[in-house]
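Me: I have a structure open and have not looked at it before. Can you walk me through it?

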Amino acid sequence: MELLEVQDPEKKRLIESSERHKRELEREVKAISERTETIAKNALIIGGVLALTYLLISQAGRDKPRKRKERALGQEEETEDFGPATPSLLSQIGSRVVDQATLILLDVAKQKLTEFLHSRKHENS
């Protein structure tokens with residue numbers, strides 16, 4: 001049966017055309033999946049950087065003393081708040097490290113977002 005199909009030039013041309021279209025579709029699907037994977041990775045990196053930045057900023061903001069209520073034998077007692085203490089050298093260094101890390105992470109997030117937007121712009125062009 002295949003011998004007859006190969007001998008007919010019209011069928012042979014249609015079969016070759018079909019195979020060519022199949023390969024082209026497979027190549028396009030592979031390219032789309034690679035682009036999607038790249039976009040997903042970039043989105044995860046940007047989201048991770050933003051989440052980490054938020055975490056660092058929220059942790060740095062907790063240095064302020066707070067009033068706490070404790071229950072002891074059914075009575076509420078407030079702990080005394082002595083006002084802001086002078087920060088130690090170690091806490092100052094830690095604050096600066098957190099600030100620098102935040103700036104670096106925001107810069108990385110900005111670069112990734114810029115790359116993503118440029119890639120989207122080139123895809124649409």
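**Confidence and helices**

Reply: This is a predicted model. The mean pLDDT of the protein is 77, and 75% of its residues reach 70 or more.

Me: Which elements have the lowest and the highest mean pLDDT?

Reply: Strand 1 (residues 69-72) has the lowest, at 48. Helix 2 has the highest mean pLDDT among the elements, at 87.

Me: Which residues of helix 3 are buried?

Reply: Thr-102, Leu-105 and Ala-109.

Me: And what do those buried residues pack against?

Reply: The buried residues of helix 3 pack against helix 2.

Me: Take Thr-102. Why does it count as buried?

Reply: Because the relative accessible area of Thr-102 is 8%, and buried means under 20%.

Me: Which residues does Thr-102 touch, leaving out those up to four places away in sequence?

Reply: Thr-102 touches Thr-53, Leu-56 and Ile-57.

Me: Switching to charges. How many salt bridges does the structure hold?

Reply: Two. In one, the side chains of Glu-10 and Arg-13 meet, at 2.7 Å from N to O. In the other, Glu-37 pairs with Lys-41, and the closest N and O atoms are 3.4 Å apart.

Me: Why would such side chains pair at all?

Reply: Side chains of opposite charge can pair when their charged atoms come close.

Me: Where do Glu-10 and Arg-13 lie?

Reply: Both are in helix 2, three residues apart, which is about one turn of the helix. Glu-37 and Lys-41 also both lie in helix 2, four residues apart, again about one turn.

Me: Are Glu-10 and Arg-13 buried or partly exposed?

Reply: Glu-10 is partly exposed at 41% relative accessibility, and Arg-13 is partly exposed at 46%. For the other pair, Glu-37 is partly exposed at 44% and Lys-41 is partly exposed at 47%.

Me: Now the nonpolar surface patch. Which residues make it?

Reply: Ile-45, Ile-104 and Val-108 make a nonpolar surface patch of about 230 Å².

Me: Where is Ile-45 found?

Reply: Ile-45 is in helix 2, which runs over residues 9-60. At 36% relative accessibility, Ile-45 counts as partly exposed.

Key: Residues are numbered from 1 along each chain as its sequence is written. This is a predicted model: local features need pLDDT of at least 70, side-chain atom pairs count only at pLDDT 80 or more; totals for chains, interfaces and linings use all residues. Side-chain values use heavy atoms; hydrogens and water are left out. Patches are made of residues with over 30% relative accessible area and no salt bridge: like charges are joined within 9 Å, nonpolar side chains (Val, Leu, Ile, Met, Phe, Trp, Tyr) within 5 Å. Accessible areas come from the Shrake-Rupley method with a 1.4 Å probe; for residues, only the protein chains shown count as cover. A salt bridge is a side-chain nitrogen of Lys or Arg within 4 Å of a carboxyl oxygen of Asp or Glu. Helices (H or I, at least four residues) and strands (E, at least two) are DSSP runs, numbered from the N terminus. Buried means under 20% relative accessible area, exposed over 50%, partly exposed in between (1.4 Å probe, protein chains only). Contact means heavy atoms within 4.5 Å. pLDDT is the predictor's confidence in each residue, from 0 to 100.
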